[in-house]
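Subject: Structure handover

Hello,

Here is the structure I said I would pass on, together with notes on what turned up in it. Please look it over before you read the notes.

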Amino acid sequence: MLDQPDSPHLGQPGGSTSPVYLAVALDVPLPGLFDYSHDVPVAPGVRVRVVFGRRAMIGMVWAVRDHPGVSADRVRPIEAVLDDLPPMPADWLRLADFAAQYYHRPLGEVLLPVLPPPLRKPAAYTGARAAGGPVCRADRRPGAGALRAGPGNGSAVDPVMLTAGQQAALDQLQTLLSAGRGVALLHGVTGSGKTELYLRLARQVLDQGRQVLILVPEINLTPQLEQVVRARLCSAAGDLAVLHSRLSDGDRLRAWLRASRGQASLLLGTRLALMTPLPRLGLIVVDEEHDASYKQQDGLRYSARDLAVWRGHDLGIPVVLGSATPSLETWRRAQRGDYRLVSLPERAQAQPLPDILLVDTRRAQLEQGFTPQLLQALEARLEQGEQSLVFLNRRGYAPVLRCSSCGWVSQCRRCTAHTVLHRVAGRRAVLQCHHCGDAQPVPRACPDCGDQDLQPMGRGTQRVEEFLAERFPQARIIRIDADATRRKGSAEALFAQVHDGRADILVGTQMVSKGHDFARLGLVGVLNADAMLFAQDFRAPERLFAQLMQVAGRAGRRAGGAQVLVQTDYPDQQVYQALCRHDYLRFAESSLAERQDLGLPPFSSQALVTAQATHLADALDFLRAVRAQADSLPESAGVYLYDAVPLRVVRVARIERAQLLIESPGRGALHGLLRVLLPQADALAAGRPVRWGVEIDPQEI
Ligand code: ADP
Ligand code: ZN
Ligand code: ZN
């Protein structure tokens, strides 16, 4: 078949036999499956090479049909059956099918992008005849071929005794394991030793000869977990497979193959690991289940956490969701008894949680955004030789550059957004757009009035770093943010410096808040938290609370006396009040009550239709047409459609954007409407200069 000429017409392959028709999923922006023919049936879940339009593509067979959906003379033959892998397993196909239906996307957008790149690039496949195919190369790796279906017998002795609280929690989680199914929410304060429980549960499942999937938000930020898992659960390196997006294609393929062949019994990875075939899967753990990174933000906008729960349910295996600040969706399910709630209210090492103090900035004399109280606290920790963290969720030097005489502010040429001043010693300063990435040199004079007095307004991590270096010349200061960690390995190097005690003050964005166990951290100062509170999104307080609890949780993990100082203009806001009492329960209860009053998730389900066009009017017109269409459908009963509105940042990279929010108290009603409406929206978009998409359970509105 490899040598068959590229012909749009099908002869009679093999002479007398009649062809079979294959419904093939392709990753193209068109709905539905595509018919191709072949001389023998091909199992669902097998990859095939086909020509689509003029392009060679890899597709996946979804079904075999007797008759094609289009006239038979328009059906092309497939070019090759890729027999380098067995068909994808049935449970994996079910998961993909569910994801496609739930997120209202074509199957091809699910089945193919989740495969490691070499398995979906036509050029990478050289056929089973050639020995050099990507899969064969993976096989030749030492150790990769050795099947270890047996238990993961890492060190048999656990290095720590469980605390009474951990033991009680483990007992409860164990009933889940013995029942063989169900979802548990492990709600444990930061430092309560959730990891230890994941490890013990995983050990039991591995000992039964089954596989374990552990999902983490961002693998590059949690190298410690990988080390611990390796040391505790894996005897041979081959037992653990790690998957995340920063791997090279080859490494990703090898890890995927070892996991999907059952050679690796433990798979640790980020959201993309969820869609790996795992033939003996016995347990799924989702650490920091509330984390926004579980939601994919482009293409198929799926939630790996939600799909993990579905996969566990489908397979009849337990799923453990862990968090110090569970998402309100998960919390409500635990409250309703859908999930078993298991609590770890105390830290494992008898260290009290750090004191969280609110510092009222309304009447304070600020020096570069710092209150005297925070500066004194930093000084005191320096004198005691303890580390401090200054947390500020804004990278760059200053969020905007401004002309003092006419009020001009730096603006992106391509977006309706200010450009951020980036300025670090030894490099040319630039004005960078955080929406489109465009970077421009800093003008010498105001483009509007010619005045040369251009001033940075506000501050980001670079300016804070600069200020602290002036203020505390004796201190070793490290900045950790997306700019400082762009090069591969630089994040690891910076974190190593902190862990080794080669840093006194750490200035960082949310990158530093996750997972890290900083032994010597005694003080956390939080700047500009209010900006996060007043973001225009109903989940803003929830995210702020989770984030501040996380950062606070970095402090005082080895010694008492740790403090968190949160500077705010609004100390009476209930998110801050709950925060300084470490009171997640109170925060969750009052937030849920508020959401219920307003009919917001988790008391309703939402979908967001977004439209993009060169001119906002076209995007809005389209969404209004969709809304009018919905109103004319009987399926819209019980579903509420908001007005179409421009996005807060309307224009990004010269494209203008608008959205239409659709909401219903019943998930069924919402999806019922979408099933009918979305195909019609496709028709409405035809001939209009718009692109559109839909997101289910949007996290940012
Ligand atoms: P969490 O993930 O809940 O924030 P960790 O799992 O990181 O907490 O645990 C916090 C710290 O406590 C880690 O350094 C861990 O090694 C330690 N730890 C966990 N359980 C115990 C225990 N039973 N005895 C002593 N130390 C423990
Ligand atoms: Zn000016
Ligand atoms: Zn821009």
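This is a predicted model: local features need pLDDT of at least 70, side-chain atom pairs count only at pLDDT 80 or more; totals for chains, interfaces and linings use all residues.

Zinc sites

The zinc ion (ligand 3) has Cys412, Cys415, Cys433 and Cys436 as its protein donors, each through SG, at 2.2 to 2.3 Å. Along the chain these donor residues are spaced C-x2-C-x17-C-x2-C. Cys412 sits in the loop between strand E16 (400–403) and strand E17 (420–422), while Cys433 sits in the loop between strand E18 (430–432) and strand E19 (439–441), so this pair ties together parts 21 residues apart in sequence. The angles subtended by the four donor atoms around the zinc ion (ligand 3) run from 107 to 113 degrees, which makes the arrangement tetrahedral; the criterion is that all angles lie between 85 and 135 degrees. Cys412 is buried, with a relative accessibility of 5%, and Cys433 is buried at 1%.

Cys406 is partly exposed, at 39% relative accessible area, whereas Cys446 is buried, at 4%.

Helix H10 covers residues 372–383; at 1.5 Å a residue its twelve residues should span 16 Å, and the end C-alpha atoms are 17 Å apart, which agrees. Its buried residues are Leu374, Leu375, Ala377, Leu378, Arg381 and Leu382. These cover an arc of only 160 degrees around the axis, which puts them on the same side of H10. The face turned away from that buried side carries the exposed residues Gln376 and Glu383. The packing partners of the buried residues of H10 are strand E15 (387–391), helix H11 (461–471), strand E22 (505–508), strand E23 (521–526) and strand E24 (563–568). After H10 comes Gly385, with a positive phi near 75 degrees.

In helix H9 (residues 328–335), the residues Leu328, Glu329, Thr330, Trp331 and Ala334 are buried. Among the elements that cover them are strand E7 (183–188), helix H8 (304–315), strand E12 (319–323), strand E13 (340–344), helix H14 (540–552) and helix H16 (584–598).

Asp91 is buried at 15% relative accessibility. Leaving aside residues up to four places away in sequence, Asp91 touches Arg311, Asp314 and Leu315.

Sheet

There is an open sheet of six strands in the order E5-E2-E1-E4-E3-E6, and its pairing is mixed. Strand E5 (76–77) and strand E6 (80–82) are the edge strands, each pairing on one side only. E5 pairs with strand E2 (residues 34–38) in the parallel sense, over two bridges. Opposite Arg76 in E5 stands Tyr36.

Backbone details

Most residues other than glycine have a negative phi, and most peptide bonds are trans. The following places may be checked against that.

- Pro601 to Pro602: this peptide bond is cis, with omega near 5 degrees. Pro602 is in the loop between H16 and strand E25 (605–613).
- Arg654: phi is positive, about 65 degrees, although the residue is not a glycine. Arg654 lies in the loop between strand E27 (645–652) and strand E28 (655–664), and is partly exposed, with a relative accessible area of 48%.
- Asp697: phi is positive, about 50 degrees, and this residue is not a glycine either. Asp697 is in the segment after strand E29 (691–696) and counts as buried, at 13% relative accessibility.

Regards

Terms used: Residues are numbered from 1 along each chain as its sequence is written. Chains are lettered from A and ligands numbered from 1 in the order in which they are written. Side-chain values use heavy atoms; hydrogens and water are left out. Donors are N, O and S atoms within 2.8 Å of the metal (3.2 Å for Na, K and Ca); water is not among the atoms, so sites may look incomplete. Four donors count as tetrahedral if all angles lie between 85 and 135 degrees; four count as square planar and six as octahedral if opposite donors are over 155 degrees apart and all others between 65 and 115; anything else is irregular. Helices (H or I, at least four residues) and strands (E, at least two) are DSSP runs, numbered from the N terminus. Buried means under 20% relative accessible area, exposed over 50%, partly exposed in between (1.4 Å probe, protein chains only). The expected span of a helix is 1.5 Å times one less than its number of residues. The arc is that of the directions from the helix axis to the C-beta atoms. Contact means heavy atoms within 4.5 Å. Two strands pair if DSSP finds at least two bridges between them.
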